[in-house]
Amino acid sequence: MRVLVLNAGSSTLKASLVTVGERDAADVLVEWPAGRDADAARVVAEALDRLPAQADAVGYRVVHGGLAYRSASRVDDGLLTEVERLDPLAPLHNRRAVAVMRAGREALPGLPHVACFDTAFHASLPEEAWRYPLPGEWVERWGIRRFGFHGLSVAWTTRRAAELLARPVDQLRLVVAHLGSGCSITAVDDGRSVDTSMGLTPYEGPMMGTRSGSVDPGILLHLLREGVSTDDLAEGLAHHSGLLAVAGMAGVREVEEAAARGDERASLALEMFVRRIAAAVAGATTTLPTLDGLVFTGGIGEHSATVRSAVVARLASLGVPSTLAEQGGDGVVATGPPAVIVVEAREDLVVADEVAALA
């Protein structure tokens with residue numbers, strides 16, 4: 001069975017043609033015209049034209065499924081309405097996913113279409129993890145709770161780490177650091193999410209490329225009282241914070257290169273980033289009975305040996321090895337225990353499996 005996986009990002013649409021049960025996939029990236037969701041039909045059509053074969057089903061990565069969608073689900077009008085309603089909690093991502101799903105159904109009307117949710121993996125969070133210490137009315141009236149994100153990535157990373165360690169998933173306690181333009185830290189026990197750093201929205205957690213991560217909520221209240229609009233707050237937190245705010249650049253590779261040249265702002269940004277990642281890893285570890293492995297994934301987690309080495313250096317008190325045998329591709333870079341593992345993010349394979357199981 002061949003599954004077309006459509007993953008709508010903020011600047012590109014990644015389309016993968018995955019044969020279920022195989023790990024090789026045909027991938028294409030199509031640039032998205034800035035701010036023009038109406039062009040979804042053209043973007044999807046270009047992706048289909050560039051892929052080598054036809055699909056038997058279509059799967060979509062959707063960032064936020066809320067409480068309504070805790071597993072993969074067939075795409076219908078009700079699903080599209082609910083995913084669009086949740087867009088304020090995942091700005092840009094959900095709206096763009098809806099545009100791609102509509103375009104996909106129009107382009108391939110005879111195939112089954114399935115939405116797979118990043119939040120679904122975290123449906124197993126216990127109440128002490130998902131509940132915020134906020135007034136009960138807020139929880140009941142507005143559904144304020146932790147959802148967590150990057151679930152498709154964490155699901156694959158957990159499976160792959162078990163393979164690399166030659167151990168059953170249900171016998172592993174892992175902390176997964178998904179580090180990319182967005183960053184999250186997840187504790188996985190027995191293959192289930194038991195703690196994660198992102199919350200109601202993808203803003204919470206460690207410092208990111210252009211997102212602030214967790215900050216004192218009093219700062220936001222103060223800015224509101226000073227006359228800053230909610231729109232300006234949202235724009236600042238999502239697009240003008242993080243590495244960009246401190247170093248003047250959002251890409252870790254650029255920041256590392258600038259720091260190596262002696263740029264003090266870049267060095268500070270890198271130190272802040274690593275400090276917050278390590279703190280989140282340490283916090284997640286406290287939710288596990290033991291730590292069998294720390295797994296790095298995502299663009300930064302996979303490719304930045306500098307960040308990996310700096311993070312583990314801060315975790316020596318937890319027994320994490322401080323010397324890593326760097327290599328290309330998936331692999332165990334320190335045997336531990338706990339082991340340190342690097343895994344390529346492959347959300348497309350998880351989506352394909354979920355689509356096959358449902359379709």
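Me: Which residues of H6 are buried?
Reply: This is a predicted model. Buried here means under 20% relative accessible area. In H6 that covers Gly 151, Leu 152, Ser 153, Val 154, Ala 155, Trp 156, Thr 157, Thr 158, Arg 160, Ala 161 and Ala 162.

Me: Is H6 mostly covered or mostly uncovered, and how many of its residues are buried?
Reply: The helix has 15 residues. It is mostly covered. The buried count is 11.

Me: How far apart are the end C-alpha atoms of helix H6?
Reply: H6 runs over residues 151-165. At 1.5 Å a residue, its 15 residues should span 21 Å. The model agrees: the ends are apart by 21 Å.

Me: Which residue just after H6 takes a positive phi?
Reply: Look just past the end of the helix. The phi there is about 55 degrees. The residue is Ala 166.

Me: What is the radius of gyration of the protein?
Reply: The fold has 14 helices and 12 strands. For 359 residues the globule rule gives 21 Å, and the value is close to that, so the protein is as compact as a globular protein of that length. The radius of gyration is 20 Å.

Me: What share of the residues in the protein is buried?
Reply: The count runs over 359 residues. Buried residues make up 52%.

Definitions and conventions:
Residues numbered from 1 in each chain as written. Predicted model: local features only at pLDDT ≥ 70, side-chain atom pairs only at ≥ 80, totals over all residues. Heavy atoms only, no water. Helix = DSSP H or I, 4+ residues; strand = E, 2+ residues; numbered from the N terminus. Rg over C-alpha atoms; globule rule 2.2 N^0.38 Å. Buried < 20%, exposed > 50% of the residue type's maximum accessible area, 1.4 Å probe, protein only. Expected span 1.5 Å × (residues − 1).
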